[in-house]
Structures are given as structure tokens and as C-alpha cells.
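Reader: I have a structure to go through with you. Can we take it piece by piece?
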Amino acid sequence: MKITYLGHAALSIEVGNTHMIIDPFISPNELAKDIDVNALKADYILITHAHQDHIVDVEAIVANTGAKIVSNFEIVNHYAAKGIEGHPMNHGGSWKFDFGRLTYTNAIHTSSFPDGSYGGQPGGFILETEEGNIYIAGDTALTMDMKLIPMKCQIDLAVLPIGDNFTMGIDSAVIASDFVGCNKVLGYHYDTFGYIVIDHDQAKLAFKKAGKNLTLLPIGESLSI
Ligand code: NI
Ligand code: MN
């Protein structure tokens with residue numbers, strides 16, 4: 001599995017021959033100006049919640065690729081009304097796709113669309129594949145629900161928000177990594193706006209002190225599991 005950081009909370013994931021884009025917010029992100037949205041490959045777009053900083057490039061990517069949306073029921077219905085195909089889920093539910101099994105997990109956050117309309121309840125995803133399992137937390141506080149994850153699935157990489165203010169910050173993410181039973185963390189949802197700028201060295205040190213590894217990928221770079 002190859003995971004590429006597209007800035008903010010946006011990722012590109014390759015599993016076998018399947019390409020997935022997570023929470024695309026690329027074109028307005030000055031830090032991601034070298035990413036060409038029109039060059040992205042996507043069979044699926046996974047959306048954790050309806051906030052602008054997670055959906056802004058969804059329609060452009062669907063127009064280019066014909067990608068199918070996977071998200072909560074309300075977000076999938078929102079796009080279905082625009083003629084876009086999707087697979088609706090809700091908390092605790094999982095579905096076996098051709099690339100592996102996805103579970104929609106709980107997140108402590110909000111989920112309105114930019115126009116104020118209801119975007120369902122926010123979530124995250126567990127992606128289980130033959131190439132490994134990852135947890136993509138979405139925008140969330142630290143929550144005890146994370147402790148349920150390792151009871152069902154061994155996570156090889158936890159993708160956790162670390163920017164604070166709108167989500168949990170670094171100290172909570174260290175604890176979240178304990179809760180999900182995974183010491184290998186990819187940080188996201190940081191540096192994009194003034195409210196969420198972090199000190200990279202300090203963040204890495206906090207994880208190191210806890211016996212964990214925090215990766216902060218430069219935008220456009222990848223890691224493999
Ligand atoms: Ni959000
Ligand atoms: Mn966000």
C-alpha cells in the first residue's frame with residue numbers, strides 16, 4: 001500500500017490497482033500548489049465529513065476520473081443529487097470492496113457543508129487490505145471509542161490529526177496511538193492555516209519520548225506499508 005500526502009487532510013492511497021483519494025482539499029491550499037488536481041488518479045474518493053477543507057476538489061476529481069464516493073449516508077446523498085455515484089455508510093458499518101474492507105468509525109467533530117446544510121455525523125475509516133491495515137481518523141478529538149479499534153483489527157499505520165484547535169493536538173495524538181494499538185503514526189491536518197501550525201521537531205520528539213514514530217511527509221511524498 002502506497003500512501004501519498006496531498007497536504008492538509010488529503011491523501012492518495014494505492015492498493016493493488018485501486019487508487020483512492022481521501023478528503024481532497026488541494027486547489028485552495030497554497031502549501032499544495034505543486035499538486036495537480038487534474039493529474040490525480042481515483043477509483044474512489046473517501047470523505048470523512050462535509051467541511052470545506054475536506055471536500056473542495058471532490059467534484060473536479062469525479063469529473064476527471066469518474067470516481068465513486070464513499071462516505072456517510074448524508075454526504076453520499078448530497079453528491080447523488082448532483083448525479084455522482086456513491087456508496088453510503090454509517091458508524092460501525094463495514095463493507096467489502098474490491099480493494100479491501102472499509103469501516104466507518106466514530107469521530108468527535110462536526111460535519112456541515114459550506115452552505116450550512118447537514119453533512120451527517122463526522123467519521124474516519126479503517127481500511128483493511130491484503131497489503132496492510134490503516135486507520136484514518138478524520139477530524140476528531142481523542143475519544144475512548146478509539147480503544148475499540150484494536151479489539152477487531154490490527155492497525156499497521158494510524159493517520160491522525162495533530163494540528164490542535166479544530167482537532168486533537170500532538171499530546172492527544174500520542175495517546176490516540178496507544179488507544180488504537182499502533183506506534184507508527186502519519187500526522188495530518190496541520191500547518192495549513194494559522195490556527196493549526198505546529199513545530200515539527202517538537203511533535204516528533206513527543207512521539208519519540210513515548211516510544212513511537214511520527215512521520216510528517218512533505219506534500220507530494222509517499223510512504224509504503
Ligand atoms: Ni472538519
Ligand atoms: Mn478539517
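Reader: Asp53, buried or exposed?
Author: Asp53 is buried, at 12% relative accessible area, where buried means under 20%, computed with a 1.4 Å probe on protein chains only. This is a predicted model, where local features need pLDDT of at least 70, side-chain atom pairs count only at pLDDT 80 or more, and totals for chains, interfaces and linings use all residues. Residues are numbered from 1 along each chain as written, ligands are numbered from 1 in the order written, and side-chain values use heavy atoms, without hydrogens and water.

Reader: And Asp139, buried or exposed?
Author: Asp139 is buried too, with a relative accessible area of 2%.

Reader: Which residues coordinate the manganese ion (ligand 2)?
Author: Asp53 (OD), His54 (NE2), Asp139 (OD) and His189 (NE2), at 2.1 to 2.2 Å. Donors here are N, O and S atoms within 2.8 Å of the metal (3.2 Å for Na, K and Ca); water is not among the atoms, so the site may look incomplete.

Reader: What does Asp139 bridge?
Author: Asp139 bridges the manganese ion (ligand 2) and the nickel ion (ligand 1), and the two ions lie 3.0 Å apart.

Reader: Where do Asp53 and Asp139 sit in the chain?
Author: Asp53 is in helix H1 (residues 52–55), and Asp139 is in the loop between strand E10 (132–136) and helix H4 (149–152), 86 residues apart. Helices (H or I, at least four residues) and strands (E, at least two) are DSSP runs, numbered from the N terminus.

Reader: Switching topic. How many residues has the largest nonpolar core?
Author: It has 52, and Ile13 and Tyr135 have the most contacts inside it. Such a core is a set of buried Ala, Val, Leu, Ile, Met, Phe, Trp, Tyr and Cys residues joined through side-chain atoms within 4.5 Å.

Reader: Which helix gives the most to this core?
Author: Helix H5 (residues 170–179), with five residues.

Note on methods:
Buried means under 20% relative accessible area, exposed over 50%, partly exposed in between (1.4 Å probe, protein chains only).
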